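Subject: Structure for you to look at, with notes on its salt bridges

Hello,

I am passing on the structure that we talked about, and I would be glad if you opened it beside this message and followed the notes below.

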Amino acid sequence: MNQQNNPFCCQRIEFHILQSFPITCLNRDDVGAPKTAVVGGTQRARVSSQCWKRQVRLALHEMGLPQGTRTKLIANLIAAGCKEQRATEEQAEKCGQKIERIFIKKPETKGKNKKAVAEEETEPEASLEQTDTLLFLSPTEVRKIVNAFKDKGFDPDKIITQKDAKKQAKELADLIGKTKLDYETDGIDIALFGRMVAQAATMNVEAASSFAHAISTHRVSNEVEFFTALDDNKEEQGSAHMGSLEFNSATYYRYVSLDLGQLWTNLAGSNMIKAVEAFTKALFIAIPAARQTTMSGASPWDFARIIVRTGQRLQVPFEKAVRTENGSILEPSIAALTTYLDKQKQLWGSMFGELGMIEYGGDNGIDDVVFYLKKIIAKAS
Amino acid sequence: MGKKYILLWIEAPLQAWGADSKFGRRDTLPFPTKSGVLGLVLCAMGASGPQNDLLAKLCSRELQIISYVRSKPGKNGQARVKVDKEPLLRDFHMVGSGYDDKDIWQTLLIPMKWDAIKKKANKSKNADGTRGGVKMTYRYYLQDACFAVLLELPADMNDSISDALQNPVYDLYFGRKNCVPAEKIFQGSFESIAEAWQKAGILAQNKQLLEDFRVLDGEYDGDIMTLNDVPVQFGEIKKYRDRRVTVVSS
């Protein structure tokens, strides 16, 4: 309950996103059909919260977070820690480098291109691009590593003895992993998405982000595609294989909220701006993966209203299914969404607690959205 | 002495009120549980952890629920009639499938056992070419449900709880975090049950909803059920005791 020092207490960013997909089966149930739900008495297409959330989480991996900087940051942190413990400049740097290198994923070489790899290692820029996302080390953990190095006279090779990067990672994990993890340990993605370890509650992190199931704004019935496959060298008449695929096509309403107070708690107040930027961008690029090879559906956001506010969170119910107007389902969906939110804002008055709002689509692209959110976070922190 | 009642409006496309879910099947009752409602209140107050004292003050307070359904116009200008409730939605979910256990980062996402050891990854690949442990779960949801919930509060807590519900510390949700409210939850605090129900009646009328059933604390005429949903302690180790409720159809 200790929220007194939390400058973001009670604040959240709400993403109200509309996104249309042509024929797809973004999220399957256990018989392979696209998931559905009934809202306001009509059947809708549905993508479960966990499905899209997972893709956003995976997308974080490849973008937003300046991974190079993060690795570098760790090297510097370790080096600074070592220096504080009276290591020489050279020792400190070596220790930092050692830890950093564990997390640099080298390209698959299979022995034939050793020269290129050697060059890459001497060229920090190139190797940073290869950097994989990694555990974000907390001050406690840095201290632990530094102390281990100190015990061995700041000779990093005595702590990290293995040659193989994966084995080194395990050594490091063993070194830091045996005690209670603190909130910063697992980096921004776990701060955002939380972590539940059943019965090892000390490792739990309450998620800062929360996703509703994406539900179409309009009535959707799944359709069945019957198909046959022919054998090119056939000896008998008829098809070699028959099957059916279910699919649909829908304009989804996605509600995602990012609890800034919780995020601040999880990150112990640091890296708020980075986390918000990475999360927003990941939210933008992530698309459910099901059946993408056969039905490739990679549509971007069509429209979004992003609100920074206090007060109880609120999704647009689209209880009355949107109907096509002038050949468009998107336009009336946007109208329904904005009208609903405007009306709620008016009805709730001060309790709506709007601190800022930006709309994606029209004049603003995703960079504008990110810029705007970063500005708000910077102002509040 | 010194009682107040708050009216909560619980409306969302999806809700889940689990009372006795085990393993991979996550059920929902057809109406909000007491633990769910008090959880909502504590979330709003930013009260995490066991909260035994707070729960001791709240858990025996009266709770009444009205479940509403949508209506359609009656034939020949008759009064509106109820529309059948939607069936439960069953959501199929595979936990931890498809992560690459060769990737340091992705291994973090693979489910772990209680002792924080990763589920032993399969030596061989799964059918879809992935590795690692997978857990299959079924989650049930109420679709399109709408409830008015009346909760008795000690008078001295009325203001703080009312304020908290309007400016909650933690995100408010209906049973599962993905069940996001689609209407203002806090609908006022009242001196008597009758006043609160009057307000609920107006809201329901505006939304063209009809009362379907009520859930009352205690034993009355109607279907009596025993629920193990009175929270005594939240936090890591949750403790509940049971209560009798009566479901009265209207």
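Glu354(A) is partly exposed, with a relative accessible area of 29%, where buried means under 20% relative accessible area, exposed over 50% and partly exposed in between (1.4 Å probe, protein chains only). Its partner in a salt bridge, at 3.1 Å from N to O, is Lys345(A), which is also partly exposed, at 36%; a salt bridge here is a side-chain nitrogen of Lys or Arg within 4 Å of a carboxyl oxygen of Asp or Glu. By this rule there are 27 salt bridges over all chains.

Please keep in mind that this is a predicted model, in which local features need pLDDT of at least 70 and side-chain atom pairs count only at pLDDT 80 or more, while totals for chains, interfaces and linings use all residues. Residues are numbered from 1 along each chain as its sequence is written, chains are lettered from A and ligands numbered from 1 in the order in which they are written, and side-chain values use heavy atoms, leaving out hydrogens and water.

In chain B, Lys34(B) and Asp217(B) form a salt bridge whose closest N and O atoms are 3.6 Å apart. Because Lys34(B) lies in helix H1 (residues 34-45) and Asp217(B) in strand E8 (residues 209-217), the pair ties together parts that are 183 residues apart in sequence; helices (H or I, at least four residues) and strands (E, at least two) are DSSP runs, numbered from the N terminus. Both Lys34(B) and Asp217(B) are buried.

Best wishes
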